[in-house]
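Me: I have a model open and want to learn to read it feature by feature. Where do we begin?

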Amino acid sequence: MSEKINAYQSLDKLKSGVVENWEALKQKPLIMVGSATCGRAAGAVEVADSFRKEINRLQLDASVIEVGCMGHCYAEPMAVICNPGFPGICYGYLDEGVASRLVQDFLVEGDPCVEFALAATETNDYIPTFEDFPRGTVEKKHVMEHCGFIDPENIDHYLAVDGYRGLAAALSSSPDQVIEEVKASGLRGRGGAGFPTWKKWDPCSKAAEKTRYVICNGDEGDPGAFMDRTLLESNPHLVVEGLAIAAYAVGASRAYFYIRAEYPLAVERVAKALDQAAKYGLLGKSVLGTDFSLEIEIFQGSGAFVCGEETALIASMEGRPGLPRHRPPFPSESGLNGNPTVIDNVKTLSLVPFIIQNGSSWFKSMGTPGSPGTAIFALAGKVVNTGLAEVPVGTTLNQLVYDVGSGIAGNKQFKAVQIGGPSGGCLPGEVLDTPIDYDTLTRAGAMMGSGGMVVLDENDCMVEIARFFLDFTQKESCGKCTFCRLGTKHMLSILERITKGQGKPEDIELLLELAEDIKAGSLCGLGKTAPNPVISTIRYFRHEYEAHINEKRCPSLMCKDLIAYYILPQKCERSCDACVGSCPVEAIYSNENRIKVINQEKCVKCDSCMVACPPQYKAVVKVSPPDEVTRKEKVGQ
Amino acid sequence: MILTDEEIRQAVEKTREITAGYDTSRGSLIPVLQKIQDHLGYVPAPAMKETAHHFGLAAVEVYGIVTFYNQFRLTPPGKHRIKVCMGTACHMKGGNIIMESWERVLKIKVGETTPDREFSLERVACVGCCTMAPVLVKDETVVGKMTPTKVDGMLFSHQLANKKEGMPQ
């Protein structure tokens with residue numbers, strides 16, 4: 001009982017003054033610029049500089065802080081301005097000019113410039129909030145609640161928004177109680193496979209060996225997935241807290257962050273977070289004044305996709321090639337250096353503090369009975385509003401694509417959504433009403449995976465998509481299992497043949513046969529799921545394969561070898577030279593009527609002329625098969 | 001690849017300096033190699049031999065690690081590194097078109113370095129900026145929404161900057 005008072009008391013001591021400082025910060029104008037990697041790519045650093053410069057020039061008493069990403073990546077660079085007397089307003093699509101104008105107009109003259117506003121961050125009478133948009137009705141932010149609203153490099157901000165309370169709560173109960181709570185909550189691993197989290201924790205905590213490890217798996221390798229990066233960059237302390245709770249529950253005194261090498265900013269921010277937490281006594285010897293002690297280190301991955309698999313991850317931490325091994329023994333019995341080890345995904349660990357604080361019944365009130373809670377999805381591809389969305393498990397694909405993503409960009413037709421990365425599949429419009437959880441997606445032929453969703457429209461070729469993923473898994477196959485190593489190679493060469501118009505009618509059946517063999521003959525998830533993109537595209541889009549094979553035609557006009565660019569003579573404006581200038585290889589010339597013509601021999605099919613042709617003419621088109629050009633030229637179309 | 005005596009000496013010296021800060025447990029092997037690459041830009045054969053010596057391994061085991069992981073380079077990188085993202089979203093939005101544009105303007109293939117060692121061209125799996133697709137990373141800066149004309153522009157402004165500094169092209 002004495003310990004109970006201890007952990008909370010120590011936390012309260014740390015928090016003294018923190019909340020006041022946080023409120024004081026908001027008493028003055030406060031500008032929060034989203035500067036995670038995605039924001040930086042869009043120019044957030046320049047925007048932040050521009051804010052600072054203008055504030056200095058006008059000698060204003062205002063602060064600019066760099067925060068993480070709130071998930072509305074489509075509108076980057078963006079910033080939230082809290083000007084006392086106004087609700088917090090979020091601005092999007094900023095540039096340096098707009099930034100300096102906002103300082104002058106809003107901070108000095110009190111005009112909130114609603115023309116640049118995306119939404120307000122709190123309810124008011126003038127500007128709608130994010131919750132007032134369709135997206136807001138679907139989203140349920142817990143893990144991402146503070147992403148984009150606190151400085152990830154400042155532990156005080158996290159403490160001010162009730163951070164580390166989950167850890168204090170955990171330390172006030174016994175490790176067994178923590179595991180019981182996680183078990184009751186039904187939390188399943190958010191890394192992809194959906195393995196119940198407590199089933200990893202329980203055996204580890206009961207192991208005879210006392211030296212145990214906990215690893216946070218931040219080796220987010222799925223192309224199209226970026227929520228782990230965002231979390232680590234936007235709210236690293238939340239993940240540290242979750243990792244600390246896991247370590248307490250299983251009785252580990254050493255924990256690791258395994259972060260992939262491609263995420264330098266995430267590594268930097270987690271390193272800072274660990275330093276600060278250690279200084280505050282939240283890590284190290286006697287955490288929050290209790291007997292529990294914990295050291296956390298960062299291990300940087302080296303760019304191997306297969307290391308997302310837990311046994312391969314352990315191998316790479318031990319300084320060996322990242323080859324998966326047979327399970328059992330599971331890592332929870334024999335993992336890093338032969339010791340019991342728990343490995344959990346970034347998102348799984350981020351949910352843990354909330355479960356401990358709010359209880360398992362709260363967690364179970366969201367999501368589906370089989371998979372409770374929320375999940376984070378990364379929306380990318382051809383939707384209008386790309387970004388991250390935290391929604392209850394069981395939300396339909398329809399809601400994600402149309403409510404959160406605002407539908408397909410450029411008035412195009414929706415074709416499919418690719419979910420689950422290279423292990424997942426492509427789902428067509430017919431199954432859009434499927435509620436997303438681990439089991440329904442598997443039945444539909446895809447996989448929740450880590451939650452990356454790439455939306456595809458009518459211009460995306462499904463054979464090419466399948467080829468792309470196979471190319472990826474084939475390169476990333478570690479080479480241990482013959483079926484994975486050689487089978488994916490075979491499938492890839494067949495797919496390459498098809499996309500080049502050299503497919504044979506029997507290829508489709510051969511692909512399906514190979515797919516079954518690879519699934520059966522591979523040890524780890526990489527091989528077991530590698531054929532999924534091919535199987536699901538054949539299942540739902542067989543006609544596209546057939547068009548490639550039988551007619552040597554790419555219906556989506558994407559496969560380079562099966563298309564040609566052509567300028568419609570009746571649409572070409574003649575006096576306009578936009579396409580000629582844009583061509584990097586000088587393949588476009590004017591004929592005797594000054595109509596532009598593409599020299600097919602020279603053309604590298606780079607798409608530049610199609611982009612350059614002014615929208616009022618739209619004279620450049622793609623045709624398939626390529627000999628269509630000759631036919632068109634003959635009839636003069 | 002043939003290294004000059006100076007390069008060999010440098011590689012060995014740097015490796016000794018780095019390994020001195022680590023114990024000989026195998027778990028430190030990858031961090032050591034990462035550090036070597038941080039300093040030298042690649043992991044040359046003499047550095048691998050020296051590392052193997054420190055950990056009491058056969059040189060071929062270190063070579064196995066270096067070639068297994070995509071992060072490690074065996075050849076020196078260019079002064080500027082162009083890494084074109086080949087993730088799903090970038091691919092769908094024309095990442096390969098960007099890659100081909102670079103190959104065309106630099107007259108090298110992916111994985112190679114220009115003869116003047118000014119640029120090297122690489123592919124990365126996914127830099128997690130899918131919403132800005134297609135994306136590339138020039139040195140440490142992420143550049144989003146790439147187009148073939150932007151490629152020409154980047155190269156041109158680079159040449160202009162070099163000209164200003166009076167460097168040879």
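**Exposure, backbone and contact**

Reply: This is a predicted model. Begin with Lys107(B): it has 10 C-beta neighbours inside 10 Å, so it counts as exposed. The cut-off for exposed is 12 or fewer.

Me: Where does Lys107(B) sit, and what is its phi?

Reply: Lys107(B) is in the loop between H6 and E2 of chain B. Its phi is near 60°, a positive value in a residue other than glycine.

Me: Which residue of chain A has a positive phi without being glycine?

Reply: Asp607(A) has one, with phi near 80°. The loop that holds Asp607(A) runs between strand E17 (596–598) and helix H25 (608–612) of chain A.

Me: Is Asp607(A) exposed or partly exposed?

Reply: Count the neighbours. Asp607(A) has 16 other C-beta atoms within 10 Å, so it is partly exposed. Buried would need 20 or more.

Me: How does Glu333(A) come out by that count?

Reply: Glu333(A) is partly exposed because it has 18 C-beta neighbours inside 10 Å. Its loop links helix H14 (310–317) to strand E9 (341–345) of chain A. Leaving out residues up to four places away in sequence, Glu333(A) touches Pro203(A), Ala207(A) and Pro340(A).

Me: How do I read a helix? Take H2 of chain B: how many residues does it have, and what does it reach?

Reply: Compare its reach with the expected span. H2(B) covers residues 29–40, 12 residues in all. From first C-alpha to last it reaches 16 Å, close to the 16 Å expected at 1.5 Å a residue. After H2(B) comes Gly41(B), with a positive phi near 90°.

Me: How many residues does each chain give to the contact between A and B?

Reply: Chain B gives 41 residues and chain A gives 43. On the side of chain B, the elements with two or more residues are H2, H4, helix H5 (88–92), helix H6 (95–106), strand E4 (141–143) and helix H7 (148–164). By class, that side has 21 nonpolar, 16 polar and four charged residues.

Me: Where are the cis peptide bonds to look at?

Reply: Check omega. In chain B, a cis bond joins Ala133(B) and Pro134(B), with omega about -10°. Pro134(B) lies in the loop between strand E2 (119–124) and strand E3 (136–138). In chain A, Ser624(A) and Pro625(A) are joined by a cis bond, again with omega about -10°. Pro625(A) is in the loop between strand E18 (620–623) and helix H26 (628–635).

Me: Now the whole of chain A. What are its helix and strand counts, and how compact is it?

Reply: Chain A has 26 helices and 18 strands. Its radius of gyration is 27 Å, close to the 26 Å of the globule rule for 637 residues, so chain A is as compact as a globular protein of that length. Buried residues make up 55% of the chain. Its C-alpha trace spans about 90 × 70 × 40 Å along the principal axes.

Me: How is chain B divided into domains?

Reply: Domain 1 covers 5–68 and domain 2 covers 80–164. Their centres are separated by 29 Å, taken over C-alpha atoms.

Conventions: Residues are numbered from 1 along each chain as its sequence is written. Chains are lettered from A and ligands numbered from 1 in the order in which they are written. This is a predicted model: local features need pLDDT of at least 70, side-chain atom pairs count only at pLDDT 80 or more; totals for chains, interfaces and linings use all residues. Helices (H or I, at least four residues) and strands (E, at least two) are DSSP runs, numbered from the N terminus. Two residues are in contact if their C-beta atoms, placed from the backbone, lie within 7 Å. The expected span of a helix is 1.5 Å times one less than its number of residues. Domain bounds come from an automatic or database domain assignment. Ala, Val, Leu, Ile, Met, Phe, Trp, Tyr, Cys and Pro count as nonpolar, Asp, Glu, Lys and Arg as charged, and the others, Gly among them, as polar. The radius of gyration is taken over C-alpha atoms; the globule rule is 2.2 Å times the number of residues to the power 0.38.
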